[in-house]
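Morning, everyone. I will go through one model today, starting with a single residue and then moving out to the whole chain.

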Amino acid sequence: MPAYQPGACNIGPAERRKRYLTGVAGFAATALLVAAVATLHADRAWLLAAVAPLFVGFLGVLQARKRFCVGFAMAGVYDVSADGGDRESAPAAGQRADRKRAIVLSVQALAAATATALALYVAAGALA
């Protein structure tokens with residue numbers, strides 16, 4: 001079982017599974033959006049709206065892989081228990097490192113989501 005490490009690890013296996021499922025849901029929503037745009041022959045500009053579900057997808061997967069929850073970090077808590085539900089307050093000294101890591105992961109997810117949405121937009125233009 002992983003131990004809490006400020007700025008590095010603040011969730012255990014159960015919370016990681018939740019983040020993976022959230023990521024899958026975000027990517028599934030993106031697929032539905034792309035399918036709707038293609039099926040309805042909608043303007044390809046609608047593909048730029050994929051940034052939102054892609055952000056959810058990338059953030060969920062990043063959090064699961066990095067064993068780190070952005071929401072927990074911002075709330076100043078952690079849960080590294082095997083079954084989840086054992087949230088504890090992070091030590092004051094670790095909260096600053098946690099918040100920095102949360103910002104970094106959020107920016108990474110936003111950059112990946114934006115780049116992917118732009119790639120979808122460009123690809124749709126090339127196919128038209």
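Is Ala 123 buried, partly exposed or exposed? Keep in mind that this is a predicted model. Ala 123 has a relative accessible area of 38%. Buried would require a value under 20%, and exposed a value over 50%. Ala 123 is therefore partly exposed. As for where it sits, Ala 123 belongs to helix α4.

Now the overall layout. The protein has four helices and two strands. Reading from the N terminus, the order of elements is α-α-α-β-β-α. Along the principal axes, the C-alpha atoms take up a box of roughly 55 × 25 × 20 Å. The protein has 128 residues, and 33% of them count as buried.

Next, the helix packing. Two packed helices are described by the angle between their axes and the distance between the axes. I have two pairs to show, and α2 is in both.

Take α1 and α2 to begin with. Helix α1 covers residues 13–40, and its axis comes within 7 Å of the axis of α2. The two axes cross at roughly 155°. An angle over 145 degrees counts as roughly antiparallel, so α1 is roughly antiparallel to α2. The handedness of this crossing is left-handed.

Then α2 and α4. Helix α2 runs over residues 51–66, and it packs against α4 at an angle of about 135°. Their axes are 8 Å apart. That angle makes α2 oblique to α4. Here the crossing is right-handed.

On to charges. Side chains of opposite charge can pair when their charged atoms come close. How many salt bridges does a search of the whole structure find? It finds two. Glu 15, Lys 18 and Arg 19 are linked by them in a network.

Arg 19 and Glu 15 are four residues apart in α1, so about one helical turn separates them.

What about exposure in this network? Glu 15 has a relative accessible area of 2%, so it is buried. Arg 19 is buried as well. Lys 18 has a relative accessibility of 44%, so it counts as partly exposed.

How far apart are Ala 123 and Lys 18 in sequence and in space? In sequence the separation is 105 residues, and in space it is 32 Å from C-alpha to C-alpha.

Last, the surface. Met 74, Ile 103 and Val 107 make a nonpolar surface patch of about 280 Å². Of these, Val 107 is found in helix α4, which spans residues 92–127. Is Val 107 buried or exposed? Its relative accessible area is 52%, and the cut-off for exposed is over 50%. Val 107 therefore counts as exposed.

To recap on helix α4: Ala 123 lies in it, Val 107 is found in it, and α2 packs against it at an angle of about 135°.

Technical notes
Residues numbered from 1 in each chain as written. Predicted model: local features only at pLDDT ≥ 70, side-chain atom pairs only at ≥ 80, totals over all residues. Heavy atoms only, no water. Patch = residues over 30% accessible without salt bridge, like charges linked within 9 Å, V, L, I, M, F, W, Y side chains within 5 Å. Areas by Shrake-Rupley, 256 points an atom, 1.4 Å probe, with all protein chains shown as cover. Salt bridge = Lys/Arg side-chain N within 4 Å of Asp/Glu carboxyl O. Buried < 20%, exposed > 50% of the residue type's maximum accessible area, 1.4 Å probe, protein only. Axes fitted to C-alpha atoms, helices over the stretch in contact; angles between N-to-C directions. Parallel < 35°, antiparallel > 145°, perpendicular 65-115°, else oblique. Left-handed = near helix turned anticlockwise from the far one by under 90°.
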